[in-house]
Amino acid sequence: MALFTAIARPQSSSVVVWSGVTDMRLTYEEREDLQKTFRKVTGGTPAQEPEEYERRTPIKYIEKLSVPLLIIHSRKDENVSINHAYLLQREMEKYENPCEAKIYNDFSHHLNDLDRKKVLQEACDWMKKWEENKRKDAL
């Protein structure tokens, strides 16, 4: 949702994707526990309804993203694989959009309070940097 919002709102200063799904086909393949729900929502499998999966895949629209991106993900995330972060980072590099990735080794999808606070502070600091840059450019 963050990517779709930032694409729709180019006046944003930056965007953070934290353990985010970037490719619905990949999620369908990786998450057997969600396949029934995906088929119900989209009308079928990725092979049967490719347009429905593509429409819901933010990485397909990444060339329209015009703001800096911070990717936060963990290699041990069991809900959204690290492959989503790697795909997004590669796609950002194709379009030469500003992108930084903070990849953690030991977190799962859900962080404890202390770790969440630490990562959130890092994300806020990163966003403030881009907001300050945007303000300086406007002067």
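Predicted model: local features only at pLDDT ≥ 70, side-chain atom pairs only at ≥ 80, totals over all residues.
Local features are reported at pLDDT of at least 70 and side-chain atom pairs at pLDDT 80 or more, whereas totals for chains, interfaces and linings use all residues. Residues are numbered from 1 along each chain as its sequence is written, and side-chain values use heavy atoms, with hydrogens and water left out.

Helices (H or I, at least four residues) and strands (E, at least two) were taken as DSSP runs and numbered from the N terminus. Two strands were counted as paired if DSSP finds at least two bridges between them. On this basis the model contains an open sheet of 3 strands in the order β1-β2-β3, with parallel pairing. Strands β1 (15-18) and β3 (99-104) are at the edges; each has a single partner strand, so one side of each is left without a neighbour in the sheet. From one strand to the next, the twist averages 15 degrees. The parallel pairing of β1 with β2 (residues 69-74) extends over 4 bridges, and Val15 is placed opposite Leu69 of β2.

Helix α5 (residues 82-94) lies across β1, β2 and β3, where contact means heavy atoms within 4.5 Å. The helix runs at about 155 degrees to β2. For such angles, axes are lines fitted to C-alpha atoms, for helices over the stretch in contact, and the angles run from 0 to 180 degrees between N-to-C directions.

A disulfide is a covalent bond between the sulfur atoms of two cysteines. With the cut-off set at a pair of cysteine sulfur atoms within 2.5 Å, the structure holds 0 disulfides. Cys99 is in no disulfide, and the nearest cysteine sulfur, in Cys124, is 18 Å away. That separation is too far for a bond. Accessibility was classed by relative accessible area as buried (under 20%), exposed (over 50%) or partly exposed in between, with a 1.4 Å probe and protein chains only. Cys99 is partly exposed at 28%, and Cys124 is also partly exposed, at 30%.

Side chains of opposite charge can pair when their charged atoms come close. A salt bridge was defined as a side-chain nitrogen of Lys or Arg within 4 Å of a carboxyl oxygen of Asp or Glu, and the count by this rule is 8. One of them joins Asp106 to Lys76, with the closest N and O atoms 3.9 Å apart. Asp106 lies in the loop between β3 and α6 (113-138) and Lys76 in the loop between β2 and α5, so this pair ties together parts that are 30 residues apart in sequence. Both Asp106 and Lys76 are exposed.

Other salt bridges lie within helices. In α5, Glu91 and Lys94 are 3 residues apart, about one turn of the helix, and their side chains meet at 3.1 Å, N to O. Glu91 is buried, with a relative accessibility of 16%, whereas Lys94 is exposed at 60%. In α6, Asp113 and Arg116 are likewise 3 residues apart, a separation of about one helical turn. The closest N and O atoms of the Asp113 and Arg116 salt bridge are 2.2 Å apart. Asp113 is exposed at 57% relative accessibility, while Arg116 is partly exposed at 36%.
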